[in-house]
Amino acid sequence: WDSWGPWESCSRTCAGGVTWRTRRISVEANDCGQPAEGLATEVRSCNARVPCTVAKDCEFGPWADWGECTQACTGVQRRGRAVHPP
């Protein structure tokens with residue numbers, strides 16, 4: 001056998017999936033030789049302990065009061081509000 005290849009990406013990002021890796025026979029047996037023993041593919045579980053969470057948007061808080069005008073005639077008034085993470 002050749003060396004094992006790298007593990008593939010998990011089939012799921014949460015709540016359990018599977019991953020696998022493979023290897024190839026480096027030299028096939030001739031008529032007098034013994035065939036390779038063992039598996040060509042190895043499988044294992046992955047992400048079993050990663051919980052799935054539902055994505056939730058952030059929420060905006062209420063608008064603050066308007067600030068003072070920066071100038072008479074051509075000034076700017078501002079107000080803001082907070083963003084609350086989920």
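Modeller: Cys-10 lies in the segment before strand 1 and Cys-46 in strand 2, so the pair ties together parts that are 36 residues apart in sequence. Keep in mind that this is a predicted model.

Colleague: What is the S to S distance between Cys-10 and Cys-46?
Modeller: The S to S distance is 1.9 Å.

Colleague: Are Cys-10 and Cys-46 buried or partly exposed?
Modeller: Cys-10 is partly exposed, at 24% relative accessible area. Cys-46 is buried, at 14%, because the cut-off for buried is under 20%.

Colleague: How many disulfides does the count come to?
Modeller: Two. Cys-14 is joined to Cys-52, with an S to S distance of 1.8 Å. That link is right-handed, with 95 degrees about the S-S bond. It connects distant parts of the chain, 38 residues apart: Cys-14 is in the segment before strand 1, and Cys-52 is in the loop between strand 2 and strand 3. Cys-14 counts as buried, at 14% relative accessibility, while Cys-52 is partly exposed, at 44%.

Colleague: What pattern do the disulfides follow?
Modeller: The pattern is 1-3, 2-4, counting bonded cysteines along the chain. Cys-69 is in no disulfide, and its nearest cysteine sulfur, that of Cys-73, is 8.8 Å away. Cys-73 is in no disulfide either. Cys-69 is partly exposed at 44%, and Cys-73 is exposed at 85%.

Colleague: Changing topic, where is Arg-23 found?
Modeller: Arg-23 sits in the loop between strand 1 (17-22) and strand 2 (41-46). Its relative accessible area is 19%, so Arg-23 is buried.

Colleague: Which residues is Arg-23 in contact with, leaving aside neighbours within four places in sequence?
Modeller: Among them are Trp-1, Asp-2, Trp-4, Glu-37 and Leu-39. A polar atom of the Arg-23 side chain lies 2.9 Å from the backbone oxygen of Leu-39. Asp-2 is 21 residues from Arg-23 in sequence, with 5.9 Å between their C-alpha atoms.

Colleague: And the phi angles, what is there to say about Ala-15?
Modeller: Ala-15 has a positive phi, near 60 degrees, and is not a glycine. Most residues other than glycine have a negative phi. Ala-15 is in the segment before strand 1 and is partly exposed at 47% relative accessibility.

Colleague: What about the phi of Asn-47?
Modeller: It is positive too, at about 55 degrees. Asn-47 lies in the loop between strand 2 and strand 3 (59-60), and is partly exposed at 29%.

How values were computed
Residues numbered from 1 in each chain as written. Predicted model: local features only at pLDDT ≥ 70, side-chain atom pairs only at ≥ 80, totals over all residues. Heavy atoms only, no water. Helix = DSSP H or I, 4+ residues; strand = E, 2+ residues; numbered from the N terminus. Buried < 20%, exposed > 50% of the residue type's maximum accessible area, 1.4 Å probe, protein only. Contact = heavy atoms within 4.5 Å. Polar contact = N/O pair within 3.5 Å; in protein donor to acceptor, adjacent residues only side chain to side chain. Disulfide = S-S within 2.5 Å.
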